[in-house]
Amino acid sequence: MAYELWRRGFKVLLWDNDKQGNLSKAFGRYHAEQTAPVTRLLNGDWQKPEELIQPTDYEGMDIITSNLSLFGATWNLMKEESEDRVKKYQKFMEAETGEQTGSIVSDRYDYCIFDNPPDIGINVLNALVITDEVIVPVKIDENALEGLDIVAEQIEDARVLNPSLTLKGVLITIYQNTDGESAGLEWLRQEYDKADSRNHSRYDILGVIRYSRKVAENSFVKKPIYEYSPWCAAAQDYKWFVSNYTGRER
């Protein structure tokens with residue numbers, strides 16, 4: 001998604017908010033032995049935003065990386081009783097950068113994309129405080145579909161901290177046109193059609209990313225899927241998804 005936004009001329013900040021650090025690994029910026037920038041951010045161990053933001057190989061796309069050190073930071077933060085513990089990321093995005101007086105981090109980017117783990121820890125709460133829209137990647141199986149109600153409830157609870165927070169919809173991934181997955185997709189569409197007005201958008205299907213073995217291969221190559229295999233189903237589906245999401249073709 002970030003790559004497709006970048007291809008359309010948007011400036012993107014990637015934010016690895018998961019201690020596994022898969023996003024950091026995908027962009028070749030993972031360092032297992034160092035205290036990760038996201039950990040330093042939660043610990044308050046920084047003075048200038050530039051200390052924590054790293055460039056990727058794509059000019060205009062930057063990243064804040066993570067690793068297992070994030071676990072300790074979230075654990076320590078959970079023990080604090082200060083209201084500021086859920087405003088660490090907000091403070092960072094509102095910090096002035098060295099570019100010019102009055103310029104803050106959020107002004108530098110058109111999009112900030114958080115890669116969150118599948119739980120609502122203190123690091124995820126920090127992300128939701130400054131998030132406009134949540135997109136939930138879903139692989140169609142019984143467990144994932146049953147968990148959607150829980151996710152929707154958690155996001156609704158987080159609106160206490162951020163009233164503008166919305167569940168934009170779901171992005172179906174690794175989709176194979178089997179009888180079972182077709183039935184699951186149809187169930188999602190029916191849930192959207194019959195949802196009441198309060199939760200009407202919660203199961204809106206934003207896109208369907210088809211299964212492609214090229215994606216698994218690409219996990220070793222560590223390139224955006226469009227660069228590795230531009231004509232594979234997944235690459236084309238991500239291209240369509242971002243065009244539909246932004247209203248801008250490339």
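**Entry 1: Tyr211**

I looked up Tyr211 in this predicted model and found it partly exposed, with a relative accessible area of 43%. Buried would require a value under 20%, and exposed one over 50%. Tyr211 sits in the loop between β7 (205-210) and α9 (213-221). I then listed what Tyr211 touches, leaving out residues up to four places away in sequence: Ile174, Tyr175, Gln176 and Ala233. Ala233 is 22 residues from Tyr211 along the chain, and I noted 7.2 Å between their C-alpha atoms.

Ile174 came up as a contact of Tyr211, and I checked it next. I placed Ile174 in strand β6. Its relative accessible area is 39%, so I wrote it down as partly exposed. What is the phi of Ile174? I read a value near 50°, which is positive, in a residue other than glycine. Most residues other than glycine have a negative phi.

I found another positive phi at Lys222, about 60°, and Lys222 is not a glycine either. Lys222 belongs to the loop between α9 and α10 (225-228). At 42% relative accessibility, I counted Lys222 as partly exposed.

**Entry 2: strands β5 and β6**

I followed β6 (residues 166-175) to its pairing with β5, which is parallel and runs over 7 bridges. For Lys139 I looked up the bridge partner in β6, and it is Thr173. Next I sorted β5 (residues 133-139) by face. Val134, Val136 and Val138 make up the covered face, while Glu133, Ile135, Pro137 and Lys139 are on the uncovered one. In a regular strand the side chains alternate between the two faces of the sheet.

**Entry 3: the sheet with β1**

Which order do the strands of the open sheet follow? I traced 4 strands as β2-β3-β1-β4, with mixed pairing. The edges are β2 (54-55) and β4 (111-115), each of which pairs on one side only. Strand β1 (residues 12-16) runs parallel to β4, and I noted 5 bridges between them. Leu13 has Cys112 as its bridge partner in β4.

I stayed with the cysteines for a moment. Cys112 is partly exposed at a relative accessible area of 29%. Cys232 has 8% relative accessibility and so counts as buried. I searched the whole structure for disulfides and recorded 0.

**Entry 4: the largest core**

I moved on to the largest nonpolar core, which has 24 residues. Which residues have the most contacts inside it? They are Trp15, Tyr89 and Phe92. The elements giving two or more residues to this core are β1, α3 (37-43), α4 (69-78), α5 (88-93) and α6 (122-129). I also wrote down a second, separate core of 22 residues; among them are Leu5, Phe27, Leu171 and Ile209.

**Entry 5: Asn123**

Is Asn123 buried or partly exposed? Its relative accessibility is 5%, so I counted it as buried. I followed the side chain of Asn123 to the backbone oxygen of Asn17, at 2.8 Å. Beyond four places in sequence, Asn123 touches Asn17, Leu42, Leu70, Thr74, Tyr89 and Pro117.

**Entry 6: helix α4**

An α-helix has 3.6 residues a turn, so residues three or four places apart point the same way.

**Entry 7: Ser66**

Last, I looked at the loop between β3 (61-64) and α4, where Ser66 lies. Ser66 has a relative accessible area of 1%, and I therefore listed it as buried. Which backbone oxygen does the side chain of Ser66 reach? I found that of Asp18, at 2.9 Å. Apart from residues up to four places away in sequence, Ser66 touches Asp16, Asp18, Lys19, Gly21, Ser24, Tyr30, Ala36 and Val38.

Key:
Residues numbered from 1 in each chain as written. Predicted model: local features only at pLDDT ≥ 70, side-chain atom pairs only at ≥ 80, totals over all residues. Heavy atoms only, no water. Pairing = 2+ DSSP bridges. Core = buried A, V, L, I, M, F, W, Y, C linked by side-chain atoms within 4.5 Å. Buried < 20%, exposed > 50% of the residue type's maximum accessible area, 1.4 Å probe, protein only. Polar contact = N/O pair within 3.5 Å; in protein donor to acceptor, adjacent residues only side chain to side chain. Contact = heavy atoms within 4.5 Å. Disulfide = S-S within 2.5 Å.
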